[in-house]
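Hi,

Here is the structure I promised to pass on.

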Amino acid sequence: MAAAPRNISDPPRPAPAWQRFALLVTLAWLVIFFLLPFLSVIKLSLSAMRFGMPPYTEPLALHHGTFHLALHLDSYRRLLSDSLYLEAFFSSLKIAATTTLCCLLLGYPVAYCIARVSPRWRHYLVMAVMLPFLTSFLIRVYAWIGILKNEGLLNQLLLAAGIIHHPLALYHTTAGVYVGMVYSYLPFMLLPLYAHLARMDTTLLEAAQDLGARPWRAFLQVTLPLSRNGIVAGCLLVFIPSVGEYVIPSLLGGADTLMIGRLMWDEFFNNTDWPMASALACAMLALLLGPMALFQRLQARGGGARR
């Protein structure tokens with residue numbers, strides 16, 4: 001028998017037990033693996049550096065039965081006053097934004113083509129996009145070292161074809177970092193775009209053509225707005241990890257490739273300045289809250305428009 005329709009004035013029904021359990025598991029996961037480690041990082045950032053293990057002083061200490069709170073803001077003062085850290089933040093933002101833009105320009109046409117081919121071939125093409133994930137990330141970056149070196153595969157092919165007469169300096173340069181990052185993060189842009197484009201109602205394009213819209217105008221006024229959430233999701237999936245990337249700049253970049261991830265590594269392991277490294281991590285997270293809030297706002301606006 002069909003359930004009786006619920007009156008609007010009736011009190012809301014309690015959620016099923018399995019939903020409450022799933023919510024508790026999710027909250028516990030976030031508290032254990034995100035909130036508690038982040039609070040520990042904040043505590044470290046408010047500590048003072050000292051030599052020894054651990055190389056910091058506790059901001060909250062117990063002396064003679066009394067708790068003493070001493071918050072040290074020296075790391076944050078250095079973060080705002082030292083040009084090295086400010087330059088690293090701006091350089092990380094520039095490299096991450098450029099990588100995101102390149103992934104979008106390369107990924108959108110590919111995702112559009114995959115979404116428009118026959119359904120029989122879509123699964124194979126999506127599997128081809130996912131194939132790089134079957135190989136270790138570190139091995140893929142090392143492969144680019146062999147490609148981008150002066151005596152590497154790319155320069156050898158260009159020299160043999162007569163396109164260049166001297167090897168291109170791509171290894172240990174910012175250009176090599178861009179190549180490695182675009183290659184590594186391109187699938188993160190492709191998959192959200194494909195998911196949105198594949199679900200799009202193609203009859204809207206047919207209606208636009210019946211109304212006299214040219215293909216480029218139908219794309220700009222129909223396809224592009226409907227894939228907006230996929231664009232935003234893909235950009236966030238690329239931009240957020242790119243800001244804190246460490247492996248690619250360390251292996252493919254030179255000494256002038258300054259990024260937050262490399263600075264955090266140096267502060268933690270070379271300088272043993274845990275409070276400064278923790279302050280860098282907190283500042284990076286605060287920096288990423290803006291794009292995440294923008295994504296939530298765009299998603300809420302898009303949902304309201306669809307309703």
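Asn155 has 0% relative accessibility, so it counts as buried (buried is under 20% relative accessible area, exposed is over 50%, and partly exposed is in between, with a 1.4 Å probe and protein chains only). You'll find Asn155 in helix α6, residues 153-161 (helices are DSSP runs of H or I of at least four residues, strands are runs of E of at least two, and both are numbered from the N terminus). Leaving out residues up to four places away in sequence, Asn155 touches Ile147, Leu148, Lys149, Asn150, Ile164, Pro167 and Leu168 (a contact means heavy atoms within 4.5 Å).

Before you go further: this is a predicted model, where local features need pLDDT of at least 70 and side-chain atom pairs count only at pLDDT 80 or more, while totals for chains, interfaces and linings use all residues. Residues are numbered from 1 along each chain as its sequence is written, and side-chain values use heavy atoms, with hydrogens and water left out.

Now the whole chain. It has 13 helices and 4 strands, and 34% of its 307 residues are buried. Of the contacts between residues at least 6 apart in sequence, 68% join residues at least 24 apart.

On to the inside. The largest nonpolar core has 29 residues, and Leu104, Met189 and Leu193 have the most contacts inside it (such a core is a set of buried Ala, Val, Leu, Ile, Met, Phe, Trp, Tyr and Cys residues joined through side-chain atoms within 4.5 Å). At least two residues of this core come from each of α3 (83-116), α5 (137-148), α7 (174-198), α10 (228-243) and α11 (247-252), with α7 giving the largest share, 9 residues. Another core, of 16 residues, lies apart from it and includes Leu79, Tyr85, Leu258 and Leu280.

And the outside? Phe33 sits in helix α1, residues 17-45, and counts as exposed because its relative accessibility is 55%. Phe33 is also one of the residues that make a nonpolar surface patch of about 1,200 Å², with Leu23, Trp29 and Leu39 among the others.

Last, the record. The unreviewed UniProt entry annotates "transmembrane region" at residues 21-42, 88-112, 124-147, 178-198 and 277-298; such annotations may be inferred rather than shown by experiment. In the model, residues 21-42 are 100% helix, with end C-alpha atoms 30 Å apart. Residues 88-112 are also 100% helix, and their end C-alpha atoms lie 35 Å apart.

Cheers

Notes. Patch = residues over 30% accessible without salt bridge, like charges linked within 9 Å, V, L, I, M, F, W, Y side chains within 5 Å. Areas by Shrake-Rupley, 256 points an atom, 1.4 Å probe, with all protein chains shown as cover. Salt bridge = Lys/Arg side-chain N within 4 Å of Asp/Glu carboxyl O.
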